[in-house]
Amino acid sequence: MDTTLWVIAGVLALLFLAAGLMKISQPREKLAATGMAWAEDFSPRSVKAIGAVELLGALGLILPAALGIAPALAAWAALGLAATMLGAAAVHLRRKEAKALPVALVLLVLAAVVAWGRFGPYAF
């Protein structure tokens with residue numbers, strides 16, 4: 001199960017790294033025009049903050065455990081990303097964005113599984 005948690009954490013880290021970098025590096029208007037219509041509901045600063053949270057969460061999933069420096073932070077990063085995706089799911093529900101909701105829910109469940117495993121039976 002430890003290997004499974006590492007694989008899930010690695011996949012999540014790659015996805016959130018890409019998503020966070022995209023939100024940090026591109027203007028809100030471009031994000032909205034390329035399919036992230038939810039960005040219109042947030043200020044440019046808020047979109048950048050969401051990107052920073054995703055980027056830091058991605059790094060937090062892997063680096064603390066891989067480097068052996070405060071490895072418990074990996075569980076907290078997973079929990080933070082699960083909370084982020086809970087917020088994303090709420091935004092997609094409110095905006096009636098049915099196509100984006102399953103992605104948010106799958107990422108929420110995967111992050112929650114990693115948090116459960118790292119806080120519980122497979123802690124570092």
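Which residue forms a salt bridge with Asp-41? The partner is Arg-95, and the closest N and O atoms of the two are 2.9 Å apart; a salt bridge here is a side-chain nitrogen of Lys or Arg within 4 Å of a carboxyl oxygen of Asp or Glu. This pair links distant parts of the chain, with Asp-41 in the loop between H2 and H3 and Arg-95 in the loop between H4 and H5, 54 residues apart. The model is predicted, so local features need pLDDT of at least 70 and side-chain atom pairs count only at pLDDT 80 or more, whereas totals for chains, interfaces and linings use all residues. Residues are numbered from 1 along each chain as its sequence is written, and side-chain values use heavy atoms, with hydrogens and water left out.

Asp-41 is partly exposed, at a relative accessible area of 39%, and Arg-95 is also partly exposed, at 25%. In these terms, buried means under 20% relative accessible area, exposed means over 50%, and partly exposed lies in between (1.4 Å probe, protein chains only). Arg-95 has a further partner in Glu-97, whose side chain it meets in a salt bridge of 2.6 Å, N to O. Salt bridges that share partners join Asp-41, Arg-94, Arg-95 and Glu-97 into one network.

Glu-97 itself is located in the loop between helix H4 (73-94) and helix H5 (101-119); helices (H or I, at least four residues) and strands (E, at least two) are DSSP runs, numbered from the N terminus. Because its relative accessible area is 17%, Glu-97 counts as buried. Its side chain also has a polar contact of 2.5 Å with the side chain of His-92. A polar contact is a pair of N or O atoms within 3.5 Å; within protein, one must be able to donate a hydrogen and the other to accept it, and residues adjacent in sequence count only if both atoms are side-chain atoms. Setting aside residues up to four places away in sequence, Glu-97 touches Ala-37, Trp-38 and His-92, where contact means heavy atoms within 4.5 Å.

A search of the whole structure finds six salt bridges. One of them joins the side chains of Asp-2 and Arg-118 at 2.6 Å, N to O. Asp-2 lies in helix H1 and Arg-118 in helix H5, so this pair ties together parts that are 116 residues apart in sequence. Asp-2 is partly exposed, with a relative accessible area of 33%, whereas Arg-118 is buried at 6%. Side chains of opposite charge can pair when their charged atoms come close.

Helix H1 spans residues 2-25, and its 24 residues reach 34 Å from the first C-alpha to the last, close to the 34 Å expected at 1.5 Å a residue; the expected span is 1.5 Å times one less than the number of residues. The buried residues of H1 are Leu-5, Ile-8, Ala-9, Leu-12, Ala-13, Phe-16, Ala-19, Gly-20 and Lys-23. Their cover includes helix H2 (28-33), H3, H4 and H5.

What does Glu-54 touch, apart from residues up to four places away in sequence? Its contacts are Phe-16, Ala-19, Gly-20, Lys-23 and Leu-81. Glu-54 lies in helix H3 and is buried, with a relative accessible area of 5%. The side chains of Glu-54 and Lys-23 make a polar contact of 2.7 Å. Ile-62 is placed in helix H3 (residues 44-67) and is partly exposed at 23%. Leaving aside neighbours within four places in sequence, Ile-62 is in contact with Trp-6, Ala-9, Gly-10 and Ala-13.

Ala-78 lies in helix H4 and counts as buried because its relative accessibility is 0%. Beyond its neighbours within four places in sequence, Ala-78 is in contact with Leu-61, Ala-111, Val-114 and Ala-115.

On the surface, Leu-56, Leu-59, Leu-63, Leu-67 and Ile-69 form a nonpolar patch with about 510 Å² of accessible area together. Patches are made of residues with over 30% relative accessible area and no salt bridge, like charges being joined within 9 Å and nonpolar side chains (Val, Leu, Ile, Met, Phe, Trp, Tyr) within 5 Å; accessible areas come from the Shrake-Rupley method with a 1.4 Å probe, and for residues only the protein chains shown count as cover.
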